[in-house]
Amino acid sequence: MHFLVLALALMSPIQASCRTIPDTARIQSIGRFSDMRYTEEHAYGHAVTLWRAGGCVFGLFESSEGLAGDTPTGLLTDVRYNPSGGALSFAAKLTTGMTNMAGSAAPVPSRDLFGFTGRLGNTALEGRLGRSDQLRPAVEPADIHIMLRRVPEQDDLFAEAKTYGAWREAVGPILRFRGPRW
């Protein structure tokens with residue numbers, strides 16, 4: 001069984017209390033972790049921005065592999081976090097571009113599913129990142145080892161959002177514009 005499928009299958013159930021975070025729940029930033037590299041016109045890499053509401057962790061995942069700007073962004077889902085050991089896992093749906101499909105007259109938005117399993121520390125997020133093409137399930141998914149370092153100057157992204165409801169309102173336009181198309 002491939003890493004991404006295995007990792008998602010072996011994850012423990014999501015805490016029932018985290019399935020629905022109340023809009024009034026107070027939130028705090030955990031931080032932004034990134035390995036993004038930039039050239040004059042291009043950006044390559046990944047970023048994860050994490051917040052906490054009580055014992056629940058939530059956030060955004062970004063993946064870039066081309067022209068800089070409007071980095072594809074997805075909401076973290078199926079988040080599991082063990083604060084005592086730092087174990088963290090999540091999935092995220094993204095649309096990283098357009099792809100040609102047999103029988104389609106025009107390119108269609110990609111359906112990229114990412115899955116992460118690793119450890120969250122004070123200065124880094126490290127582990128295995130899997131990626132599968134949901135439009136082509138027969139294609140072997142790929143996975144890589146990643147080390148995302150904390151980016152302190154960006155820890156206060158959405159600092160004005162003090163509750164989960166305010167955070168959802170702040171990320172809504174980003175996900176509508178740069179989020180998955182599936």
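Helices (H or I, at least four residues) and strands (E, at least two) are taken here as DSSP runs, numbered from the N terminus. The structure is a predicted model, in which local features need pLDDT of at least 70 and side-chain atom pairs count only at pLDDT 80 or more, while totals for chains, interfaces and linings use all residues. Residues are numbered from 1 along each chain as its sequence is written, and side-chain values use heavy atoms, with hydrogens and water left out.

Rings of Phe, Tyr and Trp (its six-membered ring) pair if their centres lie within 6.5 Å, with planes under 30 degrees apart called stacked, over 60 edge-to-face and the rest tilted; by this rule there are 8 aromatic pairs. One of them joins F58 and W167 edge-to-face, at 4.7 Å centre to centre and with 75° between the planes. Because F58 belongs to strand β4 (residues 56-67) and W167 to helix α2 (residues 164-178), this pair ties together parts that are 109 residues apart in sequence.

Buried means under 20% relative accessible area, exposed over 50% and partly exposed in between (1.4 Å probe, protein chains only); F58 counts as buried at 6%, and W167 is buried at 1%. W167 also forms a stacked pair with Y164, 5.7 Å centre to centre with 20° between the planes. These two residues stand 3 apart in helix α2, so about one helical turn separates Y164 from W167, and Y164 is buried with a relative accessible area of 14%. Ring pairs link W51, F58, Y164 and W167 into a cluster.
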